[in-house]
Structure formats: structure tokens, C-alpha cells
Amino acid sequence: MSGMDAALNHHLKELHLPTVRDLYESFSKKARQEGLSYKKFLLELCEKECEVRRQKRVERLLRQSRLPLEKNMESFELKRLPQKVVHQVKTLLEGSFLDKNENVLAFGNPGSGKTHLLCAISQELLRKKGKRAYFMKCSLLVQSLLMAKRDLKLEKLIKQLSKFDALIIDDIGYVQQDREEMEVLFTLLAERYERGSLLITSNLPFSKWEKIFKDPMTTAAAIDRLVHHSVIMELNAPSYRAEQAKKKKEPRKGGEK
């Protein structure tokens, strides 16, 4: 390695340009062969550095998100949903609801695709717009909040969660909380109000949320905070899991059983 190469490598390392450092020799050879101008050579090299950085950032955000990556838009059958919900999904994929700290509340029977849909929307916005998302089952989230409260770290945990643009709480109400669990969950909802988006799935309509929050006043306060700035989706579709199970049991054509 020449003295010039060594100096260039040193400077690129100091400037934190690893892709440029790895590729500048091959790109400079290509530039000579194709007769590229200095600006064109530099542009292509910088574009590659930015592309690799974006890819690495997306990979890092996906790891942090805990999103189930198989639940994406490609594997979701939008045609199964009511037309109103399809229109809502297309609007949500633009991502402006996150900028406005709006919530998304998805209701429907088990197997209707609530979790898949909200995870798919979050994954799209993470990949294409760099939005930070975090997915957790409600039961596990409540247990994490309880442990943080016990260790006098509840405020710290809520502050950590506030860094995410989208907080996906799956199956709220699926497991009915006791009063202490309800209190920490309500604290999170209250702290996030107008400060960050919540994406929530539930098989319970609002009329039955008193089972979650235990008393009418707390229930009303929780619903009021969630609904004030929100998009509500009613997934009145047949169970996707039931449909898939039925297809597997159906005999194949040609008389096969």
C-alpha cells in the first residue's frame, strides 16, 4: 500500500466512511475504464455509502422493533377486508399519522388479521420512511411495566418506549388485568397521549373494556385518550387462520384425499 493509499484509508476511517474506504479502489478503476468525470465518480461512491448506511439502519431498527418479519404486506390479503379498511390501510402507509401522533385501533375476532395488518404497516413505514417501531404482546408489556415499577424504574422504561414512533400493543384485553396491572397500563397510555402513536389490537369492543380497566371512570379516561386522535379499523372479516386450516383439509383435485 502506497503512502497516499495509507493516508486516504486513515482519513476515511476517521470520517467514518467504511463503504467508501472499501470500494474507492474498485470504483476508481471503473471510473477510469468508463471515462467518468471526477464528480460522477464521487457521486456514485457517495450514493453507495448512503445506500449501505440506510440498509444497516433498517436492519438495526428491525432488530430493535421485535416485529414478526413474516407479517408483512406481501403476505397479507388486503382483498379479504372491507373496502373502507383497505382505504384506511393505504392512507396509513403514507405515514402521516405517526407525524401527528395519532393512534390506530384495530378491532376484530381472533384470526381476522389485526396483528398481521398492524405489524405489516409498521414494517413498511420502518423500511421506507425510517420510522422506529416496537412490538409487544400486551400481557408481556404489562409484566415489564410491573417489574419496572417494582424496581422504581417505571419512569425510565416509559421514557425508553417514548423513543419509538409506533408502539404496537397486541391483544389488549385478551388477558384481563388485575388492578395493579391495569394501573401501569393506564399510566403508559396516559404518558403517551399526544406524544407518540399507539397501534393497538383488541378482540373486545369498547363497550367491554371495563373488563380491562376495572371501573367506569378509568375505562372512560383510557378510551378518551386513545380515541381523541385515532384511526379505528373494524376488521369484520372471516378468520384467516380458519380459512387456511379448511383449505388444508379439503381433498385435492383428481380424487386425492
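Of the 257 residues in the chain, 42% are buried in this predicted model. The secondary structure consists of 12 helices and five strands. Among contacts in the chain with a separation of 6 or more, 81% are between residues 24 or more positions apart.

The packing of two helices was examined. Two packed helices are described by the angle between their axes and the distance between the axes. For helix α7 (residues 138–150) and helix α8 (residues 154–161), the angle is about 135 degrees and the axes lie 7 Å apart. On the α7 side, the contact is made by Leu141, Ser144, Leu145, Ala148 and Lys149. Leu154, Leu157, Ile158 and Leu161 contribute from α8. By class, the residues of this contact comprise seven nonpolar, one polar and one charged.

One cavity of 30 Å³ or more was found, and the largest cavity holds about 60 Å³ of space. The lining of the largest cavity is formed by Asn101, Asn103, Leu189, Arg192, Tyr193, Glu194, Gly196, Leu198, Arg225, Leu226 and His229. Two or more residues of this lining come from each of the elements α9 (179–192) and α11 (216–228). Four of the lining residues are nonpolar, four are polar and three are charged.

How values were computed. Residues numbered from 1 in each chain as written. Predicted model: local features only at pLDDT ≥ 70, side-chain atom pairs only at ≥ 80, totals over all residues. Heavy atoms only, no water. Axes fitted to C-alpha atoms, helices over the stretch in contact; angles between N-to-C directions. Helix = DSSP H or I, 4+ residues; strand = E, 2+ residues; numbered from the N terminus. Contact = heavy atoms within 4.5 Å. Nonpolar A, V, L, I, M, F, W, Y, C, P; charged D, E, K, R; others polar. 1 Å grid on protein atoms, 1.4 Å probe; cavity = no way out; pocket = protein on both sides within 12 Å on 5 of 7 lines; lining within 4 Å. Points joined across faces, edges and corners; volume = space filled by probe spheres on them. Buried < 20%, exposed > 50% of the residue type's maximum accessible area, 1.4 Å probe, protein only.
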